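Please read the following paragraphs with the structure open beside them.

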Amino acid sequence: MTPASPFAGNLTHPFHDEDGDTLREECGVFGAINAEKASAATALGLHALQHRGQEAVGITSFDGRDFISRRGLGHVADNFSAAEAIAELPGPMAAGHVRYSTTGGAGLRNVQPLYAELASGGFAIAHNGNISNAQSLRKDLVGKGSIFQSTSDTEVIIHLVATSRYPTVADRLIDALRLVEGAYALIVMTPEGMIACRDPLGIRPLVMGRMGDAVLFASESVAFDVVGAEMIREVEPGEMCQVDFAGNIKSLHPFGTVGPRPCIFEHVYFSRPDSYFAGRSVYEARKAIGSELAREAPCDVDLVVPVPDSGVPAAIGYAQASGVPFELGIIRSHYVGRTFIQPSDSARHSSVKRKHNANRGLVSGKRIVLIDDSIVRGTTSLKIVEMMREAGASEVHFRVASPPTAHSCFYGVDTPERSKLLAARMELEPMRDFIKADSLAFISIDGLYRAVGSEGRDKACPQFCDACFTGDYPTSLTDLRMREDRSGELPFADPRAA
């Protein structure tokens with residue numbers, strides 16, 4: 001879920017690490033139906049998905065007659081740790097959402113689930129992803145008299161459902177989603193039950209689980225582990241699952257059959273390592289990425305050092321494949337509070353040292369290779385390399401467990417505009433010089449595909465969405481095209497640039 005903007009999904013995040021030098025997944029969703037304590041399970045599930053969104057959280061429940069919502073800024077624990085908060089959300093069905101806000105999108109009015117009273121009754125929706133033609137649809141809806149209460153692209157779906165002429169809510173939702181471009185994993189609640197749906201390409205993840213008589217849906221399987229549920233399977237790309245209060249599950253595939261393109265960055269960074277994605281352990285996939293990287297870009301060093309925490313599994317794989325010892329040469333503090341405003345350049349530059357500190361006694365006099373999941377703007381990589389040199393490392397090499405991130409994402413990941421992506425501005429050697437490393441290498445796109453279980457990337461029909469690396473966007477980007485037509489230029493990513 002992002003604001004309804006022609007550039008939604010690629011705006012600089014106001015609550016990022018201070019340099020905006022991290023890719024941020026926008027949302028996580030969780031739903032439970034026919035559960036004894038649906039809202040309690042939802043709160044616990046959202047806690048497991050906290051890494052997918054840390055700025056706001058909301059839960060809506062249904063008690064058989066009324067929909068009740070509670071929303072707040074901050075973490076799940078800030079809003080739903082007290083028994084009183086859960087007691088305010090009774091009923092056998094609940095859905096929740098954690099989110100990152102983007103520019104123009106902060107505030108309670110955009111916190112999901114969004115709720116509306118339709119002619120057919122209550123309608124609550126939680127959405128992970130981004131609608132790439134939301135601005136166009138919104139303009140048309142406003143022209144026909146719709147009144148929007150938020151700046152969220154998710155509200156476009158509500159208005160499309162409300163204006164559809166089909167007889168049932170499920171049919172209206174199908175009718176609405178046929179007009180939508182982009183990526184979505186949806187959990188919808190109505191008086192008849194719960195509907196979960198994934199976009200036809202399966203770009204954003206969604207899984208189904210069971211806990212006794214309850215049916216659960218979540219962005220990641222780890223949420224089921226935390227609540228004590230069993231994962232049944234992934235919701236298939238383009239699948240719509242309907243669950244009623246009698247426990248019946250109905251599966252539909254109303255959008256035809258197309259080749260799935262799940263986001264490959266879930267394997268690299270977004271998902272928790274103890275989750276499963278696209279049929280594979282994320283932890284094992286990240287170790288395999290590191291092993292492949294060691295084969296493609298070996299390095300004559302004394303130590304393999306991960307950039308914590310996201311670089312750890314890949315570094316383990318790199319060390320095992322190369323035979324070079326793995327060591328924690330950087331120690332991360334897990335107690336650094338979120339800093340919303342940095343008053344000076346010196347404060348911004350100290351941010352890395354507050355979060356990460358060199359293990360000086362270990363790295364001093366050693367040749368090390370740093371393993372990280374990605375390079376975005378490059379500023380954080382530069383600071384970490386400098387920190388290692390200040391700690392006495394004799395050589396500092398850098399290896400990246402993803403190909404160069406040279407293109408913006410328009411499918412629900414908050415990335416900087418393309419002009420600020422280091423790989424969009426520089427070739428490999430200037431990038432190495434920028435971060436001041438002795439050497440720099442990225443895993444190849446085919447190597448990444450091999451590591452996650454494919455023989456390589458099928459150029460004619462790629463198995464994953466890898467647009468942030470290749471510029472090969474799997475859907476139309478109507479709002480971006482409209483902006484290009486009006487201005488004659490592209491201030492952000494050009495989806496045609498390879």
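A residue counts as buried when its relative accessible area is under 20%, as exposed when that area is over 50%, and as partly exposed in between. Val188 has a relative accessible area of 0% and is therefore buried. All of this refers to a predicted model. By the same cut-off, 60% of the 498 residues of the protein are buried.

The protein has 19 helices and 23 strands. Among contacts with a separation of 6 or more, 69% are between residues 24 or more positions apart.

Val188 gives a local view of such contacts. Val188 sits in strand 8, which covers residues 182-190. Leaving aside residues up to four places away in sequence, Val188 touches Phe123, Ala124, Ile125, Leu173, Gly193, Met194 and Ile195. Tyr115 lies 73 residues from Val188 in sequence, and the two C-alpha atoms are 9.7 Å apart.

Tyr115 leads on to the aromatic residues. The whole structure contains eleven aromatic pairs. One of them is formed by Phe67 and Tyr115, with ring centres 5.2 Å apart and planes at 40 degrees, a tilted arrangement. This pair connects distant parts of the chain, since Phe67 belongs to strand 4 (residues 67-73) and Tyr115 to strand 6 (residues 114-118), 48 residues away. How accessible are the two partners, Phe67 and Tyr115? Phe67 has 15% relative accessibility and so counts as buried. Tyr115 has 32% and therefore counts as partly exposed. Both residues belong to one aromatic cluster, made up of Phe62, Phe67, Tyr115 and Phe245.

Strand 6 is also one of the elements packed against helix 5, through the buried residues of that helix. The others are strand 7 (121-131), helix 4 (134-143), helix 6 and strand 8. Helix 5 is mostly covered, with eight of its ten residues buried. These are Thr154, Glu155, Val156, Ile157, Ile158, His159, Leu160 and Val161.

Helix packing comes next. Two packed helices are described by the angle between their axes and by the distance between the axes. For helix 5 (residues 154-163) and helix 6 (residues 169-177), the axes come within 8 Å and cross at roughly 125 degrees. Helix 5 is therefore oblique to helix 6. Their crossing is right-handed. Helix 5 contributes Ile157, Leu160 and Val161 to the contact, and helix 6 contributes Arg172, Leu173, Ala176 and Leu177. Six of these contact residues are nonpolar, none is polar and one is charged.

The crossing of helix 9 and helix 10 is right-handed. On the helix 9 side, the contact involves Tyr283, Arg286, Lys287, Gly290, Ser291, Leu293 and Ala294. On the helix 10 side, it involves Pro313, Ala314, Ile316, Gly317, Tyr318, Gln320, Ala321 and Ser322. The residues in this contact comprise eight nonpolar, five polar and two charged.

Some points of the backbone remain. Which residues are joined by a cis peptide bond with omega of about 0 degrees? They are Gln112 and Pro113. Pro113 lies in the loop between strand 5 (93-99) and strand 6. The peptide bond from Pro308 to Asp309 is also cis, and its omega is near -5 degrees. Asp309 is found in the loop between strand 17 (303-306) and helix 10.

Ala278 is not a glycine, yet it has a positive phi of about 50 degrees. Ala278 is in the loop between strand 15 (276-277) and strand 16 (280-281). With a relative accessible area of 37%, Ala278 is partly exposed. Lys436, again not a glycine, has a positive phi of about 65 degrees. Lys436 lies in the loop between helix 16 (428-435) and strand 23 (439-442). Its relative accessibility is 45%, so Lys436 counts as partly exposed.

Methods: Residues are numbered from 1 along each chain as its sequence is written. This is a predicted model: local features need pLDDT of at least 70, side-chain atom pairs count only at pLDDT 80 or more; totals for chains, interfaces and linings use all residues. Side-chain values use heavy atoms; hydrogens and water are left out. A crossing is left-handed if the near helix is turned anticlockwise from the far one by less than a right angle, and right-handed if clockwise. Helices (H or I, at least four residues) and strands (E, at least two) are DSSP runs, numbered from the N terminus. Contact means heavy atoms within 4.5 Å. Ala, Val, Leu, Ile, Met, Phe, Trp, Tyr, Cys and Pro count as nonpolar, Asp, Glu, Lys and Arg as charged, and the others, Gly among them, as polar. Rings of Phe, Tyr and Trp (its six-membered ring) pair if their centres lie within 6.5 Å; planes under 30 degrees apart count as stacked, over 60 as edge-to-face and the rest as tilted. Buried means under 20% relative accessible area, exposed over 50%, partly exposed in between (1.4 Å probe, protein chains only). Axes are lines fitted to C-alpha atoms, for helices over the stretch in contact, and angles run from 0 to 180 degrees between N-to-C directions. Angles under 35 degrees count as roughly parallel, over 145 as roughly antiparallel, 65 to 115 as roughly perpendicular and the rest as oblique.
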